[in-house]
Amino acid sequence: MDPSNQKHFAVLDYVIFAFLLAASMVIGLYYALSGGRQRTTQEFLMADRSMHYLPVSLSLIASFQSAVAIIGIPAEIYTHGTQYWFFGCAYILGLLLPAHIFIPVLYRLRLSSAYPYLELRFNKAVRVCGTLIFMFQMVG
């Protein structure tokens, strides 16, 4: 890589980065220290069933993104251009359909993931197999 072609942060970039970190920290500290209303696992994972399935499904989609992707994708776009948006559009379209099909089913059955559903629908061996496949997919 040609050193003269490398891009570096300017002062404004550092200010924006510091602001976003501080805002995230303040939000986290506020909810950690305010006590919150979440006293049980059911309240924490399922918002005590008071939320519609759309915000829950969007939250699950957002949590699927890794920290490496959250940091790396903007860097990729900054360095190499916006052609990465095509992947992002396909990714969003590929997740909207399952989110509208599977999440409502899991929500109605009062399940917090697909693994208990696999056990209910089939048996424990299928649940373990699904878990292992997911683990190997995430590692590999």
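**Figure 1. R127 and its salt-bridge partner E119 in the predicted model.** R127 is partly exposed, with a relative accessibility of 29%; partly exposed denotes the range between buried (under 20% relative accessible area) and exposed (over 50%), with a 1.4 Å probe and protein chains only. Its partner in a salt bridge is E119, and the closest N and O atoms of the pair lie 2.7 Å apart. E119 is likewise classed as partly exposed, at 31% relative accessibility. A salt bridge is counted where a side-chain nitrogen of Lys or Arg lies within 4 Å of a carboxyl oxygen of Asp or Glu. Under this criterion the count is one salt bridge. Residues are numbered from 1 along each chain as its sequence is written. The model is predicted, so that local features need pLDDT of at least 70 and side-chain atom pairs count only at pLDDT 80 or more, while totals for chains, interfaces and linings use all residues; side-chain values use heavy atoms, without hydrogens and water.

**Figure 2. Cysteines C89 and C129.** C89 has a relative accessibility of 45% and is partly exposed. C129, at 41%, also counts as partly exposed. The number of disulfides is zero, a disulfide being a pair of cysteine sulfur atoms within 2.5 Å.

Figure 3. The patch consists of F64, V128, L132, F134, M135, F136 and M138, which together present about 680 Å² of accessible area. Patch members have over 30% relative accessible area and no salt bridge; like charges are joined within 9 Å, and nonpolar side chains (Val, Leu, Ile, Met, Phe, Trp, Tyr) within 5 Å. Accessible areas are from the Shrake-Rupley method with a 1.4 Å probe, and for residues only the protein chains shown count as cover. Six residues come from helix α7 (residues 124–139), which gives the most to the patch. F134 is located in helix α7 and is partly exposed, with a relative accessible area of 33%.

**Figure 4. The chain as the setting of these views.** The chain contains seven helices and zero strands, where helices (H or I, at least four residues) and strands (E, at least two) are DSSP runs numbered from the N terminus. The C-alpha trace spans about 60 × 40 × 25 Å along its principal axes. Buried residues account for 11% of the 140 residues. The accessible surface of the chain is about 11,600 Å², and 71% of this area belongs to carbon and sulfur atoms.
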